[in-house]
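Please keep the sequence and the 3D view open while you read.

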Amino acid sequence: MPLIIVTGLPTSGKSHRAAQLHAYLASHLAASPSKPPYRLHLISDESLSIPRSVYDLSATPAHVRSANASEKDARATTYAAVKRVLSDRDIVILDGGNYIKGWRYQLHCEAKAVRTPCALLQVGCSVDRARSVNEARLKAAAAAAAAAETSAAETSAHGDTAGDNAPTTEAYEPANWENLVFRYEEPNPMTRWDSPLFTLIWEDDDAQAKSVFASLWEAVAGEGRKAVKPNQATVQRSRDAGGDYLYVLDRETQDIVRRILEGQGEEGGGTVSVPNGGGARARELTVELPGRKLGVPQMQRHRRAFVGLNRGGIGLEGVGEFTVTRMREGFVGYLNDAFDKEDV
């Protein structure tokens, strides 16, 4: 609690801001007078050993780029890592491109399912500046490679051990970088999966960053944060009379079918009385049977048809018209109408 998604253009300073946010939250939790209420996690491509090349589509044919398997595998790895630690007692910072709005929506739904807030931190940077950063990294990587070759040659000549001069931050290939910028989908604070949205730009200093981090903390973990309720479709419904509408509907209609089959005569016809389920004030409901004996297949067919017509009451168990009494009265009325039509 919560999930904080860092997004922005490639080489725009996302990892730097994510590290700043991690340090701020760590100090904030350490300063708590009691035991820190949350555990802190920072998940990134680097921590998961995901190389930049998985996003490179330059060598992929145009007709299969939407099915880039390496990028999908990378997102699956990231999703599994987030889901593994996400809970109402954990703060998860996800550092990465997160440039697809559908991906951000998936993460938002995962956070909502565990009743924890989700926020977005956008790192703003101009395209030209981000491109210059990537070009500088490419030059540094080329210089490091040349130095490594020279060092390797000296090592073979003198028998010394060469040091590791590789750059600490991996660069994107130019075509890969341009493609990621082209595919980047700006977050929209008007959508629920991109809100609340907080922004830091390249020029913001440490004081401004701390101010934004403080606002972010108050929005997702402060005293005034909003309670998160999961979608009804993701809630495991309990099997009791006051919980699962379909379960109760199935149970009550099955009971009426059983009473009719047990109470009918050998020749058919007549009436069968069933209780309306009203408790102490229950009254009898009368089922007018047709002139022939009813079988199990026929009754189950009527029952399934009635259940299919009344599935729309899911989530409205507490509304008066969907009580057990109304279910039983409705099913008895449905059967009487069906039997009348069969006798005509």
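## A pair of strands to begin with

Strands E1 and E3 pair in the parallel sense, joined over four bridges; here helices (H or I, at least four residues) and strands (E, at least two) are DSSP runs, numbered from the N terminus, and two strands pair if DSSP finds at least two bridges between them. Within this pairing, Leu3 has Val92 in E3 as its bridge partner.

The model is predicted, so that local features need pLDDT of at least 70 and side-chain atom pairs count only at pLDDT 80 or more, while totals for chains, interfaces and linings use all residues. Residues are numbered from 1 along each chain as its sequence is written, and side-chain values use heavy atoms, with hydrogens and water left out.

## The whole sheet

E1 and E3 belong to an open sheet of five strands, which follow the order E2-E3-E1-E4-E5 with parallel pairing. Strand E2 (39-44) and strand E5 (197-201) stand at the edges and have a single partner strand each, so one side of each is left without a neighbour in the sheet. On average, neighbouring strands of this sheet are turned by 20° against each other, direction ignored. Axes are lines fitted to C-alpha atoms, for helices over the stretch in contact, and angles run from 0 to 180 degrees between N-to-C directions.

Strands of a sheet pair, in general, through backbone hydrogen bonds, either parallel or antiparallel.

How many of the six residues of E3 are buried? Six of the six are, so E3 is largely enclosed by the rest of the structure, where buried means under 20% relative accessible area, exposed over 50%, and partly exposed in between (1.4 Å probe, protein chains only). Asp90, Val92 and Leu94 point one way from E3, whereas Ile91, Ile93 and Asp95 point the other way, and all are buried. As a general rule, the side chains in a regular strand alternate between the two faces of the sheet.

Thr7 lies in strand E1 and counts as buried because its relative accessibility is 0%. Leaving aside neighbours within four places in sequence, Thr7 is in contact (heavy atoms within 4.5 Å) with several residues, including Lys14, Gly96, Arg104, Leu121, Val123 and Tyr184.

## Helices on the sheet

Helix H6 (residues 206-221) lies across E1, E3, E4 and E5, and runs at about 170° to E5. Helix H1 (residues 14-30) packs with H6 at an angle of about 65°, their axes being 10 Å apart. Among the residues that meet there are Leu21, Tyr24 and Leu25 in H1 and Ala209, Phe213 and Trp217 in H6.

Helix H2 (residues 69-85) and H3 pack at an angle of about 20°, with axes 11 Å apart, and are therefore roughly parallel to each other; angles under 35 degrees count as roughly parallel, over 145 as roughly antiparallel, 65 to 115 as roughly perpendicular and the rest as oblique. The contact is made by residues including Thr78, Tyr79 and Val82 of H2 and Trp103 and Leu107 of H3.

Helix H7 (residues 245-263) has 19 residues and reaches 27 Å from its first C-alpha to its last, close to the 27 Å expected at 1.5 Å a residue, the expected span being 1.5 Å times one less than the number of residues. Among the buried residues of H7 are Tyr245, Val248, Glu252 and Ile256.

H7 packs with helix H8 (residues 296-309) at an angle of about 155°, with their axes 10 Å apart, and the two are therefore roughly antiparallel to each other. Leu249, Val257 and Ile260 in H7 are among the residues that meet H8, where Met299, Arg303 and Phe306 are included.

## The chain as a whole

The secondary structure of the chain comes to nine helices and seven strands, and buried residues make up 37% of its 344 residues. Among contacts between residues at least 6 apart in sequence, 77% join residues at least 24 apart.
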